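This report looks at one helix pair and a set of charged side-chain contacts. Please inspect the model first.

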Amino acid sequence: MEVKDLEFAVNGERFKINSVDPSTSLLEFLRSNTPFKSVKLGCGEGGCGACLVLLSKYNPESEQVEEYSINSCLTLLCSVNGCSITTSEGLGNTKKGFHPIHKRFAGFHASQCGFCSPGMCISLYSALANAHRSNSSGLTVSEAEKSVAGNLCRCTGYRPIVDACKSFAADVDIEDLGFNSFWKKGESREVMLKSLPPYNPKEHLVTTFPEFLKKKKKVNNCLDHSRYHWTTPFSVAELHNILESANSGDSLKLVVGNTGTGYYKDKERFDRYVDISHIPEMLMIKKDEKGIEIGAAVTISKAIDALNEESKSSYIFKKMATHMEKIGNHSIRNSGSIGGNLVMAQSRKFPSDITTLLLAADASVYMLNGRKTEKLRLQEFLGMPPILDSKRVLLKVEIPSCTALSGDDTDLFFESYRAAPRSIGNALPYVNAAFFALVSRQEPSRKGVMVKKCLLAFGSYGGDHSIRATEVEDFLTGKLLSYSVLYEAVGLLRGIIVPSKDPEYRKSLAVGFLFEFFYPLIESSSRICSLDSGEKHSNGHVDPARSLSFLSSSQQVLESNEFQPVGEAVIKVGAALQASGEAVFVDDIPTLPDCLHGAFIYSTEPLAKIKRISFTENVTPTGVFAVLTFKDIPQEGQNIGSKTLFGPGLLFADEVTRCAGQRIALVVADTQKHADRAANLAVVEYDTKSLEEPILTVEDAVKRSSFFEVHPMFYPEPVGDVMKGMKEAERKILLAEFRLGSQYFFYMEPQTALALPDEDNCVKVFSSSQAPEYVHSVIATCLGIQEHNVRVITRRVGGGFGGKAVKSMPVATACALAAHKLQRPVKIYLNRKTDMIMAGGRHPMKITYNVGFRSDGKLTALELTMLIDSGMEPDVSPIMPRNIMGPLRKYDWGALSFDVKVCKTNLPSRTAMRAPGEVQGSYIAESIIENVASSLQMDVDAVRKINLHTYDSLRKFYKHISGDLDEYTLPLLWDKLEISSEFKKRAEMVKEFNMCNVWRKRGISRVPIIHQVMQRPTPGKVSILSDGSVVVEVGGIEIGQGLWTKVQQMVAYGLRMTKCKGSEKLMERIRVVQSDTLGLIQGGFTAGSTTSENSCEAVRLCCAILVERLKPTMDQMLMEKSGSVTWNMLIQQAYARSVNLSASTLYKPEFSSMEYLNYGVGISEFAGGGGPYDRKNRDFKIRYHL
């Protein structure tokens, strides 16, 4: 057999690889060996979509190109031999022009931080290509929405993304699309359509498969095993020979799409990889009157297509296909195989939906055992010892046809169920189920339905694998359905389903599914829907053929021409670059040849002495250069990894680790893969003798008086006399208690930094940080050098939400330490697991309260006790009491007192996360209000309304920051939204709907918010260059919030005050550049939703200075020259006169405007259920005023 080199194309460019580690992923290669950086590493599990690419395969027989999206983080490089890869840059870029997808993503404001945008664009392109190939009328709205179901975004809230996708749909109502920069309110549909960037499938969906790959022989195109350790059999016989010839000590891995590594990480290194995706017997799909056979190597997507094809058995098959569309996401289904899913379920207890479906369909499997092929029922297969530990191979699945079982007096039903965090897929289920039932009508004298046969399958509930509830099946078979029979069946099921996690919840789901399936048959026993009638099993399930819209859009934005271009709906700066993938993040900076990479070794003990750090079997892993600990910090430096107003944090644990997840050491290796692998192989020896028990709960902290001190300026004063208020109360709720949990940031870009050693004991650090100034200071302190020897640069951050503020500092500092010590460039890119363990996240807390109130719902007093879990270091935790009390005081509590303790525990330090304290404060307030309304049996909206502040009570609770009377607009917003949303009418409709529906319910809620804004000093610098272009620097960091865009607009407005010709069109001549801590000092934090506002004021002041400096030149030119003075003429003359055209300032807010209140009211309406656990029939609407 002829052996070949590994050869493929990326964006039309040829790549030929002589040898490679077979475990190398396509993502690793693209990011390390090509100039294409749009492919990002987000989760490394195929769940976020940041790594998506388009894979094209050429069929020489049909001369057709097959293309689909795949996860490059899971796809092994050797598996793309002979294929063509297209990234987002390949669709379009700055040089050859952006693709309409890029332009529409930018124009619909669908790219914020931009880290996820290239993957989104690939998903949409793939959906458009699929719709075009299917010869349909084009992409539908439903398909457009589902196209990005496998992509995560933490910035936009998805609506603008979905709007951008829906703009390509043939059936879209263009007036339903949300706010964008293409058209203005009131324009006609024709104008709107013409305003969109044009899209033509024939022009924009042409995938050119490289000619050099077409010439590559497809048949028996095997890679040289000695160079690649990769084998490709082309028949079952070849596969058998490979398995038999393998040495007993060799480890083999059978590969199709390799998607299993997204769930089960490969901890061992395999000696040989066997690609079974080219074996015809395992790729076959055979369909006849007996049923359907699907080869084990057939992808889930192709299996879905086969099941959806019209046939006599289409009822059950289509139901199965509809459920399978919830498995993973498009790209996972495009790569993952049916057989791989079943084998993971059988051997590794994977929570599989497919096994549950196949059990209910009474499927069988065929296996290769030696040279023999054996057939097993699926239950037998699942009960076998793990086949991954043997040389048996799953060959195909057989699903029988059940249509012949139904007759004139019998009907069959098949339904599947799934409860998961996300209803449209891309999430593993809590519980799934699939039920088959053959039932018969009874004689008129015996009303009811008899169960002739049933198959009841359950899975994902925490057992070993999916099961058939045979005891329940036997009990129901032959019985006439009734409520009492169903009740007994439910009791039996409760004894069978034994979840290992969340047992009561998962049991209730399983019971609910069973009840939901049989309940309609009891209710409608006089009439059973026939399969051929076109009616559906009337249990609230959505007909698969019916498509529901997931998101609807409506947004109103007030625009004014007074301060143009400020406030205009312009495209966000760099949005198209982000969509194409050309925007540069820290990890996209080209790596120098001698660059090293770091990975943290962290503690697994909450409180222990560190005796020794070594590696498994005392063998230093491949590629490791050094292991740095606190002992490697320069003598003149300090063991500091972060700092805030409330104190420093350690870079590394010293002799004692104080929480699980604390950094112990940094492994430095030649590649990130080697560094991560070495960190996983690290062995840390601990000693817990003579140490106290760790403090792991807030209750433990109280017992041992373990608290952080809170300065009085961050601890609000109580309001009023609580004892008096309690005496005035007619009703009380005493010692009510609830808890709030933590939350992880999941910024799409993990923590990352790049450090470059420089001359004269200097270091330059590129950091993905919200606080470069603090990173700068911490690095200098840690290294024991002056701050002018450190330079920190931040261009953009791939999502932050507070997690890139304090938590970015130790990553950059460790990187700088390694670069400083080893005198080599060092990069750290945290893997998602390490990031999540070390991140800390939102503050969990325990709340206990007493509240007094009158019978009409008016509050008289509130007493609060809060225990906040802050972790082992202060971080920003001492500010939490102030932040919590801001939104909590949005209601007039009559009197308010509180005891807030910031607890020090042996857990990772909590930090600022997206409205830290404010989210909890608002939730606490609403929970108490809901409890009061429930105890009085009053409408909660009435309780909220009666407790809204008057201006006098507002002054009482918020004091000087409450502003003037005419600034208190909350009551006005409350009433205005009631009218504009028809709230009372909607509330009555909700009440009536709930009275008339057993399973489907609706809810409506109106909630106020008071946000306490606090501004901070912020620097800015504006410089006008000799050609009239403008460069701007600000302290704020672009995280996706549009800070650069707003600053650009403000500079254009500020310089327009020169009133020269052309100054009104300066937007495209202004560039905001990256943050550089030596170029612009005192940058502070980017946080609190005010940095854009403060940065705009800083540059406005700079512009005012420049306009004043240009005024004499302008006046002189107007006197000497008749006619207008252009912007370019003015700047050239100013340069000739040596006018200083660079201005910088530090905006310091005045005391009177440093703090103020923002008001808002929101209404949400929800409709859900079609049965107890049906998540398909639901709608969600929000209206808000701010």
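## Helix packing and salt bridges

Helices α36 and α37 are roughly perpendicular to each other (the term covers angles of 65 to 115 degrees). The model is predicted, so local features need pLDDT of at least 70 and side-chain atom pairs count only at pLDDT 80 or more, while totals for chains, interfaces and linings use all residues. Residues are numbered from 1 along each chain as its sequence is written, and side-chain values use heavy atoms, with hydrogens and water left out.

The axes of α36 (residues 1091–1120) and α37 (residues 1127–1136) come within 10 Å and cross at roughly 110°. Axes are lines fitted to C-alpha atoms, for helices over the stretch in contact, with angles from 0 to 180 degrees between N-to-C directions. Helices are DSSP runs (H or I, at least four residues), and strands are E runs of at least two.

Which residues of α36 and α37 meet? From α36 come L1110, T1113, M1114 and M1117; from α37 come M1129, L1130, I1131, Q1133 and A1134 (contact means heavy atoms within 4.5 Å). Seven of the contact residues are nonpolar, two are polar and none is charged.

The whole structure holds 44 salt bridges (a side-chain nitrogen of Lys or Arg within 4 Å of a carboxyl oxygen of Asp or Glu). Three of them are tabulated here.

| Salt bridge | N to O distance |
|---|---|
| E374 and R392 | 3.9 Å |
| D587 and K827 | 3.3 Å |
| E988 and K991 | 3.9 Å |

The E374 and R392 pair links distant parts of the chain. E374 sits in strand β14 (residues 372–377) and R392 in the loop between α18 (378–383) and β15 (393–400), 18 residues apart. E374 is partly exposed at 24% relative accessibility. R392 is partly exposed too, with a relative accessible area of 30%. Buried means under 20% relative accessible area, exposed over 50%, and partly exposed in between (1.4 Å probe, protein chains only).

D587 and K827 meet in a salt bridge. D587 lies in the loop between α22 (575–580) and β20 (596–602) and K827 in strand β32 (residues 826–829), so the pair ties together parts 240 residues apart in sequence. Are these two residues buried or exposed? Both D587 and K827 are buried. They also belong to a network of salt bridges that links R31, K40, D587, D588 and K827.

E988 and K991 share helix α34 (residues 983–996). They are three residues apart, about one turn of the helix. E988 is partly exposed at 49% relative accessibility.

How values were computed: Parallel < 35°, antiparallel > 145°, perpendicular 65-115°, else oblique. Nonpolar A, V, L, I, M, F, W, Y, C, P; charged D, E, K, R; others polar.
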